[in-house]
Amino acid sequence: MIKYVIKRIFYLIPVIIGVSFIVFSLLYITPGDPARNALGPSASEQAVKQLRVEMGLEDPFIQQYSRYLKNLVTKFDLGKSYITKSPVTKEVMSRASATFRLAVLAITFAVILGIPIGIISAIKQYSFFDNITMIFALIGISMPVFWLGLLLIMLFSVKLGWLPSSGFTTAKQMILPAIALGSQSVSVITRMTRSSMLEVIRMDYIRTARAKGQREKKVIWRHALGNALIPIITIIGIQFGQLMGGALMTEVIFSIPGIGRLMVDSIKMRDAPMVLGCVLFVAITFSIVNLIVDLLYTFVDPRIKTKYV
């Protein structure tokens, strides 16, 4: 098990290098001048050019990327922001807690709703409840997060005045962002739970358990759900990783000071070190979540444990 974890951690190295190279390349060819953005439109061309030299922006692409990668690998240094001059690591970590809390609330909302609804839909296949559920699940998957967020603000903040439309410090401020971000995950988890449960409840051992006179509730929750959990856990892990990266629009709409909003502001200013720091944080978080999901398999199904030993 320990060897497997160490091996998966080493797999992060090519992920970090690949992600950093792609993002660095895209930022390099993107129009705009970080030095001009840092000094403002009224700065002289000489001052802008001098700052570009100090920032190393006049160097060739390979030299710039090699310098960045060397500092990242040898010193774990993400550099300093072109605009604020503050360390990227410090800025990213100060924003990470808000994004992490938002993603946890969203996935909790999705799990609490998605799994029970999916189970009931599977038990009552083709019923009115099942059909309505699948229609709403399809709508939820298709609905853009930013559009749902604006609708929630218009209804619960502007019209009814029940909940605030911005901020992320109080419990009331967390409700609308969590619902907006977690709505698609509710639909995905519901559909996966229904599909996995339908496959399991048709198995012979489920019919045997019913034939032995066991209560239907025990058959469903212990025998059926227990064996249907692996694909459900997989999709929950994937959704949580996507929520960490997909919180961007939600944070912008609800004015949440998280990684997503920091990334948007940094892209506007072509602040390459800050954008790279945000993307690498999301990529590493996604990889760690996948590792945790793989380890959870061993608790759900002990037969899988032999693969890691």
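Author: With a relative accessibility of 57%, Arg222 counts as exposed, because that word is used for residues with over 50% relative accessible area, while buried means under 20% and partly exposed covers what lies in between (1.4 Å probe, protein chains only). This is a predicted model, in which local features need pLDDT of at least 70 and side-chain atom pairs count only at pLDDT 80 or more, whereas totals for chains, interfaces and linings use all residues. Residues are numbered from 1 along each chain as its sequence is written, and side-chain values use heavy atoms, with hydrogens and water left out.

Arg222 belongs to helix H11, which covers residues 216-246; helices here are DSSP runs of H or I with at least four residues, strands are runs of E with at least two, and both are numbered from the N terminus. Lys and Arg count as positive and Asp and Glu as negative, with His and the chain ends not counted, and the place of each charge is taken as NZ of Lys, CZ of Arg, CG of Asp or CD of Glu. For the protein as a whole, there are 33 positive and 16 negative side chains, and the centres of these two sets lie 10 Å apart.

Some charges are paired, and a search of the whole structure finds four salt bridges, each being a side-chain nitrogen of Lys or Arg within 4 Å of a carboxyl oxygen of Asp or Glu. One of them joins Arg52 to Glu58, with the closest N and O atoms 2.8 Å apart, and Glu58 is partly exposed at 43% relative accessibility. Another links Arg95 with Glu91 at 3.8 Å, N to O; the two are four residues apart in helix H6 (residues 88-123), and are therefore separated by about one helical turn. Glu91 is partly exposed, with a relative accessible area of 23%.

A further salt bridge, between Asp130 and Arg194, has an N to O distance of 2.7 Å. Asp130 lies in helix H7 (residues 128-142) and Arg194 in helix H9 (residues 171-200), so this pair ties together parts that are 64 residues apart in sequence. Asp130 and Arg194 are both buried.

The surface also has a nonpolar patch, formed by Phe146, Trp147, Leu150, Leu151, Met154 and Met249, which together have about 560 Å² of accessible area, a value that comes from the Shrake-Rupley method with a 1.4 Å probe, where for residues only the protein chains shown count as cover. Helix H8 (residues 145-159) gives the most to this nonpolar patch, with five residues. Leu150, which is found in helix H8, is partly exposed, with a relative accessible area of 42%.

As for the setting of these parts, the secondary structure of the protein consists of 14 helices and zero strands, and buried residues make up 44% of its 309 residues.

Notes:
Patches are made of residues with over 30% relative accessible area and no salt bridge: like charges are joined within 9 Å, nonpolar side chains (Val, Leu, Ile, Met, Phe, Trp, Tyr) within 5 Å.
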